[in-house]
Amino acid sequence: MSGNRKPLELPQWPQYGDDERDGLIRALEQGQWWRMGGSEVDSFEREFGEFHGSPYTLAVTNGTHALELALQVLGVGPGTEVIVPAFTFISSSQAAQRLGAVAVPVDVDPETYCIDVAAVEAAITPRTKAIMPVHMAGHFPDMDALEKLSAASGVPLIQDAAHGHGGAWQGKRVGELGSVAAFSFQNGKLMTAGEGGAVTFPDRETYEEAFLRHSCGRPRTDRKYFHQTSGSNFRMNEFSAAVLRAQLRRYPSQLATREQRAPLLSSLLARIPGVVPQTHDPRVTSHPHYMAMFRVPGLAEEKRNALVDDLIERGLPAFVAFRAIYRSDGFWESGAPDETVEDVARRCPNTEAINNDTIWLHHRTLLGSEEQMHQVAEIVADALASA
Ligand SMILES: *Cc1c(COP(=O)(O)O)cnc(C)c1O
């Protein structure tokens with residue numbers, strides 16, 4: 001134990017500068033602060049879409065609404081089912097449940113923490129309307145196998161890309177994979193305006209339908225209050241879009257830094273006895289690294305939580321991993337009527353383990369220097385040794 005180690009001063013999050021500041025003033029001085037009157041949201045959609053290889057991009061209020069809107073456009077509603085990973089943030093299932101559908105949690109891979117394709121296949125029923133892979137911490141699930149399954153079953157994929165900004169699978173960017181993808185710009189995400197979201201669509205038709213539904217069913221130029229579809233107000237405002245345009249401009253260099261630091265930190269963590277970092281499938285050709293995640297396999301939940309408290313005390317932005325979605329009471333308010341927590345837990349053994357023994361470090365960790373990656377790993381090693 002080194003008592004005289006210098007304090008770890010990792011970069012702060014969110015990051016901003018004159019570009020965000022100028023954007024806010026520009027939006028303010030337009031004199032029109034909603035998307036129908038201004039140009040910032042339009043510009044952001046074009047730029048974000050270009051970055052992800054999708055010409056059909058719609059900005060929305062937040063990532064949860066992005067998922068809800070995308071699911072609605074895919075026909076999800078009462079009497080339908082949506083397959084989601086059991087290990088994810090709760091929005092993945094809440095979006096389906098808000099539409100009156102049943103969210104069906106399935107197990108994840110113990111090494112990538114992403115949805116398990118065999119488990120998806122086993123869960124498909126005649127009511128399944130969508131399969132929702134989550135790019136956990138920026139890592140893609142096996143998109144080749146999922147695309148094959150989707151084609152064979154006729155059930156569309158919807159990518160929960162809340163951790164996936166700038167990601168690519170076998171050289172294909174999120175918007176080029178042929179399915180709908182939903183992003184989040186909440187404060188902790190890789191690009192942020194505090195809150196915000198976006199959806200990329202594979203074709204103009206679904207994009208146009210989503211545009212109507214995100215704006216109370218009202219066409220862009222309507223002046224007669226004739227609402228063509230049902231919907232809600234999920235419109236992004238001009239200030240958020242102005243900030244996000246600046247965030248997108250700083251994104252490629254942040255991504256490059258994380259792509260350099262993540263393998264280094266991962267290799268250092270892997271040398272610590274008992275620590276197993278999230279695996280990196282080489283088919284993930286651009287990895288956003290939303291979090292640095294690792295397991296201490298077999299660690300009991302209370303011990304894991306105490307370890308996270310200790311890591312925070314030692315200066316690391318550490319967090320306990322998401323709780324299995326079916327282990328929150330909120331999930332069961334609209335859960336499957338014929339299933340119990342125990343039923344789902346039995347078919348999700350990997351999620352059960354990850355739920356207890358996994359820790360993640362905020363992505364600002366990966367914006368630190370190479371030297372800091374060594375410091376971070378030493379802190380984890382020390383904390384584990386004294387646990
Ligand atoms: C953050 C997050 C969301 C929801 O995004 P919000 O903008 O917070 O509504 C959805 N899915 C996953 C996996 C997330 O981490």
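**The ligand shell and an aromatic pair**

The shell around the ligand is made up of 9 polar, 4 nonpolar and 2 charged residues, where Asp, Glu, Lys and Arg count as charged, Ala, Val, Leu, Ile, Met, Phe, Trp, Tyr, Cys and Pro as nonpolar, and the others, Gly among them, as polar. The model is predicted: local features need pLDDT of at least 70 and side-chain atom pairs count only at pLDDT 80 or more, while totals for chains, interfaces and linings use all residues. Residues are numbered from 1 along each chain as its sequence is written, and side-chain values use heavy atoms, with hydrogens and water left out.

Among the 15 residues around the ligand (a heavy atom within 4 Å), Gly63, Thr64, His163, Ser184 and Lys189 come nearest. Helix α3 (residues 63-73) supplies the largest share of this shell, with 3 residues; helices are DSSP runs of H or I with at least four residues, strands are runs of E with at least two, and both are numbered from the N terminus.

A backbone N or O atom of glycine 63 lies 2.7 Å from a ligand oxygen, and a side-chain N or O atom of histidine 163 is 2.7 Å from an oxygen atom of the ligand. For lysine 189, a polar side-chain atom lies 3.2 Å from a ligand oxygen.

Turning to the aromatic rings, the whole structure holds 15 aromatic pairs, with ring centres of Phe, Tyr or Trp (its six-membered ring) within 6.5 Å. Phenylalanine 87 and phenylalanine 322 form a tilted pair, 6.0 Å centre to centre with 55° between the planes; planes under 30 degrees apart count as stacked, over 60 as edge-to-face and the rest as tilted.

Notes:
A polar contact is a pair of N or O atoms within 3.5 Å; within protein, one must be able to donate a hydrogen and the other to accept it, and residues adjacent in sequence count only if both atoms are side-chain atoms.
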